[in-house]
Amino acid sequence: MARTKEACILILDVGKDTLVKSGKNDLTFFERAKGCVTKIVQRKIFSKPHDEVGLVLMGTDDTSNQLNVECGGYEHIAEAFELGPSNWKMLRILESRIQPSKVNANWFDALLVATNFLKVGAQAKKFATLKIILISKLSGVVELEAGELDSFVDKLTNMPCELNIINDNVEHQAGSDEQEEDGLGFDALGIFSQRGNRSKEQRKNEKLLADIVFKSNGALCNIDSAELLLVHFERKVTRSMPWNCMLTIGSKLQISTSTYVLISEEKGLSSFKTECVDPNAVVKLKTDHFKNDKLYEPDFEDLIKGYMYGSTVVPYDSQMDFDYKSGEQCLSCLGFTAAGNILEEYLCGTGTHVVVAKKDCAASEAKLTALIKAMLELDVVMIATKVYRRDTKPKIQALFPTFRRRFPCLTMLELVFQEEVALLKFPPLLSNRHKPTDAQYEAVDKLIDAMDLMDGLDDETGSKEAFALHKTLNPIHQHMYRTVAHRAIHPKAPLPAMDEELRQLVDVPSKIRERSKEALEDIKNLFPLKELKVNAQLKWLQKTAKINVQPDGDAAGSSSQPNDGSADEELDDHRTVVEVGTVTPAEDFALLLKRGEKFATVCTQIQNVISGLVFKSMTTQYEKVAMAIMIFREEAKLLGPYRFNEWIGEFKKSLLSRNKQEFWQRVVVQERFGLIGAAESEMSTITANEVEEFYDVGVTSKVGSAEDNADYVDADDLFANM
């Protein structure tokens with residue numbers, strides 16, 4: 001851990017001179033400096049929780065530091081937080097208690113206090129680097145004795161300790177991209193600006209600090225750049241651990257390799273720990289069982305394991321377990337194939353790995369280099385079996401030869417098995433009916449050129465790429481970090497909205513938006529959109545009416561209908577329907593009826609499908625459900641409305657009891673999918689007034705009382721008894 005652990009002392013100027021306005025947002029320097037300290041501590045919490053941070057305040061009304069106790073003369077400087085891991089308590093105190101004062105302090109004395117504070121706090125601890133960050137206006141008068149400056153520089157060099165200065169009068173050379181490992185963006189090429197109105201003391205202080213920074217290899221950073229770089233959080237940096245394994249090719253060739261993760265899925269924040277306000281209390285996990293949304297105690301002897309496949313429960317029998325032994329860990333070559341045979345759709349997995357020769361193994365490095373050169377010359381890819389650990393699931397890998405930074409390596413990606421390849425049939429994008437003209441092609445090409453991201457942003461250095469791959473952070477994770485930080489500092493305040501700089505990561509750049517206007521206008525004129533008002537019920541009735549039943553029971557489209565190339569009017573000619581499914585319930589229902597299935601059986605199936613789509617799906621598919629209800633209702637008019645009327649009454653109760661009023665109004669009421677009255681079917685005894693009352697939410701269905709005494713005869717039962 002000591003290899004990357006860092007100790008950092010922050011010096012925050014809270015003197016009276018920090019109350020002057022600074023920057024474009026009409027904020028004082030104190031507010032901006034306090035925000036920088038807050039962001040630095042937050043980044044430590046999220047990205048480097050093992051680093052230790054301390055805080056020294058300069059310009060305080062009171063004096064509280066060890067050097068003043070021992071030597072005296074270090075006035076108005078306070079050691080606010082001792083060196084320790086960054087935490088939310090420090091941020092809450094920084095947010096609520098630290099305010100500007102009415103006095104100034106000597107910034108050089110603050111550096112001496114911070115250096116001693118860091119040296120004492122780091123004793124008996126192992127740190128990779130020591131750092132002091134001074135955020136100040138540098139306005140106080142500083143008088144140094146002969147040799148005092150060199151003595152301080154020697155002390156920094158001997159520790160050794162980095163000194164970073166954040167000030168609002170620093171300039172950076174254009175095009176400088178040097179940046180610290182922790183992303184704070186301190187540039188050693190920064191210099192104090194000679195422009196602007198500054199006091200004599202500020203000029204003298206800047207000259208002294210420039211001398212200290214130059215002699216101690218420190219860094220200067222403008223507060224504008226610091227705010228811009230500190231606004232983003234980075235994930236916790238972890239040391240890359242290799243997976244060491246022997247690459248075997250045939251029975252004689254073996255190469256010692258190490259595999260590293262090159263690309264992996266970003267996880268964001270890890271799971272939160274469960275804690276209790278009472279430190280002595282024991283936190284336990286409680287499991288409750290529900291059946292039909294009601295709490296109950298099951299008989300565990302009658303329970304078996306199961307898995308959820310969508311909304312379907314799939315029971316699992318332990319007798320299905322089998323003991324599969326994949327053997328020892330290995331990376332075994334199965335053979336080689338032409339690079340063109342590995343299509344993009346064959347790749348899977350959650351990341352990319354790089355295979356290199358094992359460290360300090362010259363023989364393996366020579367073998368791997370020769371292998372990679374031969375694979376590049378032949379343009380082939382290696383197919384290998386990977387077993388990560390003994391008796392774990394084997395995986396098929398494709399290893400591509402390449403040179404990364406002039407070092408030979410194999411890029412390894414996982415391949416799918418044959419059963420995992422799904423061939424999906426899609427309708428053609430182009431047809432004779434909808435073939436674009438040359439003018440339309442040219443307009444689309446013009447739009448693509450206008451939306452080129454390679455020069456989508458402009459800054460002081462010129463044009464640059466928008467949403468650059470290695471510089472764009474995930475806005476979802478960034479907003480999550482900020483939300484957690486805000487809730488930790490302000491527990492009772494409402495959560496903040498997304499910041500403007502994060503919105504820019506999900507919005508079209510203004511430059512691209514402006515230069516695309518003309519191309520979009522051409523698209524609008526060349527591709528006119530016309531609203532087609534289609535009667536959905538008539539369309540689906542015509543579609544289901546085209547279904548014919550062949551002797552083998554398969555569905556086929558009617559050959560008498562002309563084929564205009566429209567995908568919406570085509571039916572799959574090679575599917576076999578066994579029962580009403582959730583994919584095309586309306587078509588399945590009509591097809592089964594035409595095939596001769598019992599109306600009662602098919603009614604039960606479509607009722608279950610509709611209930612599942614409405615109550616069990618994560619998102620309600622309004623059009624699919626509406627079409628299913630419509631075809632059910634239309635067939636019920638002809639074959640007997642009782643089953644539909646009885647079901648729609650119960651369906652209404654379920655919708656209203658489960659707060660599905662939107663579905664009720666949008667589908668049932670708006671499309672008039674209610675009770676089938678006597679005016680629509682001669683077999684119905686429902687009056688017109690009862691039909692209208694049914695659409696009222698406060699009135700329940702009267703179908704039971706109206707038809708209980710009716711002489712109802714099911715046609716299916718009559719045919720079954722013949």
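The dialogue below goes through selected features of a predicted model.

Colleague: How many helices and strands are there in the protein chain?

Modeller: The protein chain has 22 helices and 25 strands.

Colleague: What share of the 722 residues is buried?

Modeller: Buried residues account for 38% of the 722. The protein chain exposes about 45,200 Å², and carbon and sulfur atoms supply 52% of that area.

Colleague: Among contacts between residues at least 6 apart in sequence, what percentage joins residues at least 24 apart?

Modeller: The figure is 71% in the protein chain. V355 gives a local case to look at. Its place is strand β18, residues 347-357.

Colleague: Is V355 buried or exposed?

Modeller: Buried means under 20% relative accessible area. V355 counts as buried because its relative accessibility is 0%.

Colleague: Which residues does V355 touch, leaving aside those up to four places away in sequence?

Modeller: V355 touches T257, S258, T259, L368, L399, C409, L410 and M412.

Colleague: Now salt bridges. How many does a search of the whole structure find?

Modeller: A salt bridge here requires a Lys or Arg side-chain nitrogen within 4 Å of an Asp or Glu carboxyl oxygen. On that basis the search returns 26. One of them pairs the side chains of K44 and E6, at 2.6 Å from N to O. K44 belongs to helix α1 (residues 29-47) and E6 to strand β1 (residues 6-13), so the pair ties together parts that are 38 residues apart in sequence. Both K44 and E6 are buried.

Colleague: Which salt bridge involves E518?

Modeller: E518 pairs with K446, and their closest N and O atoms are 3.1 Å apart. E518 sits in helix α13 (residues 517-526) and K446 in helix α9, so this bridge ties together parts that are 72 residues apart in sequence. E518 is exposed, at a relative accessible area of 53%, whereas K446 is partly exposed at 33%.

Colleague: Which residues do salt bridges with shared partners join into one network?

Modeller: That network consists of E6, K44, D51 and K131. For a pair of sequence neighbours, take R390 and D391, whose side chains meet in a salt bridge at 3.8 Å, N to O. R390 counts as exposed, with 51% relative accessibility, and D391 is partly exposed at 26%.

Colleague: How should I read the surface patches? Which residues form the negative one?

Modeller: Patch members need over 30% relative accessible area and no salt bridge. The negative patch is formed by D438, E442, D445, D449, D452 and E465. Take D452 as the example: it lies in the loop between α9 (438-450) and β22 (457-459). Its relative accessible area is 36%, so D452 is partly exposed.

Colleague: Which residues make the nonpolar surface patch?

Modeller: L343, Y346, V421 and L423 make a nonpolar patch of about 380 Å². V421 is in the loop between β21 (407-415) and α9. At 39% relative accessibility, V421 is partly exposed.

Colleague: Last, backbone geometry. Where is the peptide bond that is cis with omega near -15 degrees?

Modeller: The bond runs from M159 to P160. P160 is found in the loop between α5 (148-158) and β7 (162-167).

Colleague: What is the phi of D379?

Modeller: D379 has a positive phi of about 55 degrees although it is not a glycine. D379 is placed in the loop between α8 (362-378) and β19 (380-387). N659, also not a glycine, has a positive phi near 60 degrees.

Colleague: Where is N659 found?

Modeller: N659 is in the loop between α18 (642-657) and α19 (661-671). With 63% relative accessibility, N659 counts as exposed.

How values were computed
Residues numbered from 1 in each chain as written. Predicted model: local features only at pLDDT ≥ 70, side-chain atom pairs only at ≥ 80, totals over all residues. Heavy atoms only, no water. Patch = residues over 30% accessible without salt bridge, like charges linked within 9 Å, V, L, I, M, F, W, Y side chains within 5 Å. Areas by Shrake-Rupley, 256 points an atom, 1.4 Å probe, with all protein chains shown as cover. Lys, Arg positive; Asp, Glu negative; His and termini not counted. Charge placed at Lys NZ, Arg CZ, Asp CG, Glu CD. Helix = DSSP H or I, 4+ residues; strand = E, 2+ residues; numbered from the N terminus. Buried < 20%, exposed > 50% of the residue type's maximum accessible area, 1.4 Å probe, protein only. Contact = heavy atoms within 4.5 Å.
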